Amino acid sequence: MEKEPIIQLKNITKEYKMGEVSVKALRGVDFSLYDNELVVILGTSGSGKSTMLNIIGGIDKPTRGDILYNGKNISYATEAELTKFRREAVGFVFQFYNLIPNLTARENILLASELSSSPISADELLKQIGLEERGDHFPSQLSGGEQQRIAIARAVSKNPPILLCDEPTGALDFKTGIQVLRILKDYQKTRKKIVVIITHNSSIGEMADRVIHVRDGLIDSITENKNPVLPEELRW
Ligand SMILES: Nc1ncnc2c1ncn2[C@@H]1O[C@H](COP(=O)(O)OP(=O)(O)OP(=O)(O)O)[C@@H](O)[C@H]1O
């Protein structure tokens, strides 16, 4: 049986206009995301990866083209509908964690989970990421890798079907990066979710079910990994 796509991008273009200058960030992008898959989007700087992620996540709107979520076209959604989509359907993880500095790790997680009708408990998540002892610490008292693990716990605490990660290991050393990738893989596998990771590190592609190669605002190729490797087996 054909799998039903959760997200579909159809001929998406994005043009940024600044005065006389216009930048074509996406020039006609088509792809779908399916349940329970880990997708890596690979491409050089400026190729359009973040623009794609922001459009999938309802942070940005395409100039032209359609986006479907569970078959429903959300390209013409009102702001209120998009807010609902962002709250319920997507979690975001960024390169530089973006935790709220004057809230503890647990409070950062709770703030996000309060937006959800089916949240995952903050304490359960702290345990899963191996930071159950650090819930009362502030971000400044945590290492970069620990902050990123909290940022992932915050993003997944809403229990979203789609987790979007923009260079989640970009600021981390190799060993800490692998820990973070393990947590992302676990979220996809144990809860059967969609996890999308943007990176320019091609090694990370080896752990993906599918790799989408982006070049100059277009999809260059999509490759399927029949036997993705474990995060712990990656090297860079
Ligand atoms: N808000 C914006 N206003 C104007 N131009 C933008 C904006 N956002 C992105 N761009 C331009 O669109 C193109 C694609 O940018 P995008 O951030 O999607 O690339 P990327 O592949 O994620 O790059 P990087 O790996 O460096 O983050 C670039 O030329 C960028 O300068």
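This note sets out a few points on the predicted model shown above.

1. The unreviewed UniProt entry places the feature "domain: ABC transporter" at residues 7–234. Over this range the chain is 29% helix and 29% strand.

2. The open sheet. Four strands form an open sheet in the order β2-β1-β4-β5, and their pairing is antiparallel. At the edges stand β2 (21–34) and β5 (72–73); each has a single partner strand, so one side of each is left without a neighbour in the sheet.

3. Strand β4, which covers residues 64–69, pairs with β5 in the antiparallel sense over 2 bridges. As an example of this bridging, Tyr 69 has Lys 72 in β5 as its bridge partner.

4. The nonpolar core. The largest nonpolar core comprises 61 residues, and the members that touch the most others are Ile 152, Leu 163 and Val 196. For Ile 152, once neighbours within four places in sequence are left aside, the contacts are Val 93, Ile 129, Val 180, Ile 183 and Leu 184.

5. Glu 233. This residue is found in the segment after β10 (218–224). Is Glu 233 buried or exposed? Glu 233 counts as exposed because 10 C-beta neighbours lie inside 10 Å, and a residue is exposed if that number is 12 or fewer. The C-alpha atom of Glu 233 is separated by 9.0 Å from that of Ile 178, although the two residues are 55 residues apart along the chain.

Conventions: Residues numbered from 1 in each chain as written. Predicted model: local features only at pLDDT ≥ 70, side-chain atom pairs only at ≥ 80, totals over all residues. Buried ≥ 20, exposed ≤ 12 C-beta atoms within 10 Å, placed from the backbone. UniProt positions renumbered as here; feature names shortened; annotations may be inferred. Core = buried A, V, L, I, M, F, W, Y, C linked by C-beta atoms within 7 Å. Contact = placed C-beta atoms within 7 Å. Pairing = 2+ DSSP bridges.
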